[in-house]
Amino acid sequence: MSKKIQSYIKLQVLSGMANPSPPVGPALGQKGINIMEFCKNFNEKTKNLEKGIPIPVIISVFSDKTFTFITKTPPASILLKRMAKVDKGSGENKKNKIGKITNKQIKEISNIKIKDMNSNNINKIALSIIGTAKSIGLIIED
């Protein structure tokens, strides 16, 4: 018999750097989850990723206070900024362009994000990534 899921917790945690401080500690503590166990398991699972990149995680909390979690790919905006070699997005994306990204790089990001998107059509995913690129102030080149 499977356990009954009590709730879900959605967080973004830096890869390899989970610790009991906010936001992890308070979010898990109020559900009665062993915080240190989560931190140890999360850090172990993300140790091969670039350290410090935000990783979305969905934690399933069961009625007996045990948990499981799944990690997602980093947000598209983070991947775009890293490929364009910029630190942050533009405050005025229509007036102030901060960098450039190629269609080849868009396809690379689309291939990374395909497992977390609700479409299997790579062209539609690429259009979504292009929209994100424009919203942070990037210029798309061929």
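How many aromatic pairs does the count come to by the ring-pairing rule? The count comes to four. The rule pairs rings of Phe, Tyr and Trp (its six-membered ring) if their centres lie within 6.5 Å; planes under 30 degrees apart count as stacked, over 60 as edge-to-face and the rest as tilted. The structure is a predicted model, in which local features need pLDDT of at least 70 and side-chain atom pairs count only at pLDDT 80 or more, while totals for chains, interfaces and linings use all residues. Residues are numbered from 1 along each chain as its sequence is written, and side-chain values use heavy atoms, with hydrogens and water left out.

One aromatic cluster is formed by F38, F42, F67 and F69. Another ring, that of F62, has K3 over its face, at 5.5 Å from the ring centre. A charge sits over a ring if NZ of Lys or CZ of Arg is within 6 Å of the ring centre and within 35 degrees of the ring normal.

Strand β5 spans residues 138–141 and includes L138. Strands are DSSP runs (E, at least two residues), numbered from the N terminus. L138 is buried, because its relative accessible area is 2% and buried means under 20% (1.4 Å probe, protein chains only). Contacts (heavy atoms within 4.5 Å) link L138 to L80, A84, I98, G99, K100, I101 and A133, not counting residues up to four places away in sequence. Q30 lies 108 residues from L138 in sequence and 40 Å away in space, C-alpha to C-alpha.

Note on methods: Helices (H or I, at least four residues) and strands (E, at least two) are DSSP runs, numbered from the N terminus. Buried means under 20% relative accessible area, exposed over 50%, partly exposed in between (1.4 Å probe, protein chains only).
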